[in-house]
Amino acid sequence: RDDLTGWAFAAPFMILYLVFLAFPILASFVLSFTGFGLKDLSNPIGATFVGVDNYLSLLSDETFLKSLFNTFYFVVIGVPVTLAIGLVIATALNRGISRFRTAFRVGYYLPVITSIVAIAVVWRFLLNPDVGLINMLLGGLGITGPAWLADPVFAMPSIIAMAVWRNLGFAMIVFLAGLQAIPSSLYEAAAIDGAGSRQSFRYITIPMLRPTILFMTVITTIGYLQLFEEPFVMTGGGPLDSTLSVTMYMYQQGFTFFHQGYASAIAYVLFIIVAFVAFLQFKFLR
């Protein structure tokens, strides 16, 4: 009876999980081995089986390879910068700032809970080459600002800057929790032994924060590998595919060109990449 009662309470979640998560995951895996497209909507079972052709086609797909490069570029630059700035702010709030600490926490965390679409729209206006606030400030200093989102050189750095600004609040909150868990007696003992603030940070703070750093690195990397909303709203993947991410290319193939089989293959390649990167991070940062 106890087991049945437990399953009865769990049934709503299990039904939703199976229908809206487990089944689509299994279906997309099957679709990745087919040429499922718009013509197969009336008869999904009759989709042409192509084996691993979708996966092999990705190896010679220049647009996919370009999107893969853009995604790794975003991750390699964005993750360290986000974590570094988040740790600096957390350290300042933990040891250097005593007044209005709560106000600072709320202020830095607000972008995290704000709609990403709203943030992207605001940043698109800020980076406008003609009437944007950033170029107006640069113009006041006698500097001609570039067309940030229309230049292949500056488009991705602009999106990275926006992503870092939006996500550093979450990193700050997690790092602050980790810093507050470090016993103050360690710092007191180090000060008695003559250690300065830099030595304390290097030999006490960083080693004690390693679990937190590992967690934030894995979580932030997984999130950044799924880059989609920022380029979708701000640049549409342009200019010249310089901000096209893997997830955005998957969206285009699946819902613009309706190559559902090919899009499913892209999704599972991204899944393998995320799993492999997370494995490496656990192996070398644990």
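Where is the place of Leu240? I began my notebook with this question, and I found Leu240 in the loop between H11 and H12. I note at the outset that I am reading a predicted model.

**Entry 1: the loop between H11 and H12**

I looked up the backbone of Leu240 and found its phi near 55 degrees, which is a positive value in a residue other than glycine. I then turned to Pro239, whose place is also in the loop between H11 and H12, and I read the peptide bond from Gly238 to Pro239 as cis, with omega near -5 degrees. I wrote both down because most residues other than glycine have a negative phi, and most peptide bonds are trans.

**Entry 2: the chain as a whole**

I stepped back to the protein chain, for which I noted 13 helices and zero strands.

**Entry 3: H4 and H7**

I went on to pairs of helices, keeping in mind that two packed helices are described by the angle between their axes and the distance between the axes. How do H4 and H7 lie, at what angle and within what distance? I found that the axes of helix H4, residues 101-113, and H7 come within 6 Å and cross at roughly 135 degrees, and that makes H4 oblique to H7. The crossing of these two helices is left-handed.

I listed the residues that make this contact, and on the H4 side they are Phe104, Arg105, Tyr108, Tyr109, Pro111 and Val112. On the H7 side I found Trp165, Arg166, Leu168, Gly169, Phe170, Met172, Ile173, Leu176 and Gln180. Sorted by class, the residues of the contact of H4 with H7 are eleven nonpolar, two polar and two charged.

**Entry 4: H8 and H9**

I then looked at helix H8, residues 184-192, and helix H9, residues 197-208, which pack at an angle of about 160 degrees with their axes 10 Å apart. H8 and H9 are therefore roughly antiparallel to each other, and I recorded their crossing as right-handed. Leu186, Tyr187 and Ala190 are the H8 residues that meet Ser200, Ile204, Thr205 and Met208 in H9. I counted this contact by class as five nonpolar, two polar and no charged residues.

**Entry 5: H10 and H13**

The next pair I looked up was H10 and H13, whose axes come within 10 Å and cross at roughly 165 degrees. With an angle over 145 degrees counting as roughly antiparallel, H10 and H13 are therefore roughly antiparallel to each other, and their crossing is right-handed. In H10 I noted Arg210, Leu214, Thr217, Val218, Thr221, Ile222 and Leu225, which meet Leu270, Val274, Val277, Ala278, Gln281, Phe282 and Leu285 in H13. The contact of H10 with H13 has ten nonpolar, three polar and one charged residues.

**Entry 6: the largest pocket**

Which residues lie nearest the centre of the largest pocket? I found Ile25, Ser28, Met250, Ala267 and Tyr268 there, from a lining of 24 residues, and I noted the volume of this pocket as about 670 Å³. Helix H1 (2-31), helix H12 (246-256) and helix H13 (260-285) each supply at least two residues of this lining, and H13 gives the most, with eight residues. The lining of the largest pocket divides into 18 nonpolar and six polar residues, with no charged ones.

**Entry 7: the second largest pocket**

For the second largest pocket I noted a volume of about 290 Å³ and a lining of 18 residues, of which Arg166, Asn167, Thr220, Gly223 and Tyr224 lie nearest its centre. The elements that give two or more residues to this lining are helix H3 (62-96), helix H7 (155-180), helix H10 (210-225) and helix H11 (229-234). Which of them gives the largest share of the lining? I found that it is H10, with five residues. By class, the lining of the second largest pocket has ten nonpolar, five polar and three charged residues.

Definitions and conventions:
Residues numbered from 1 in each chain as written. Predicted model: local features only at pLDDT ≥ 70, side-chain atom pairs only at ≥ 80, totals over all residues. Heavy atoms only, no water. Axes fitted to C-alpha atoms, helices over the stretch in contact; angles between N-to-C directions. Helix = DSSP H or I, 4+ residues; strand = E, 2+ residues; numbered from the N terminus. Parallel < 35°, antiparallel > 145°, perpendicular 65-115°, else oblique. Left-handed = near helix turned anticlockwise from the far one by under 90°. Contact = heavy atoms within 4.5 Å. Nonpolar A, V, L, I, M, F, W, Y, C, P; charged D, E, K, R; others polar. 1 Å grid on protein atoms, 1.4 Å probe; cavity = no way out; pocket = protein on both sides within 12 Å on 5 of 7 lines; lining within 4 Å. Points joined across faces, edges and corners; volume = space filled by probe spheres on them.
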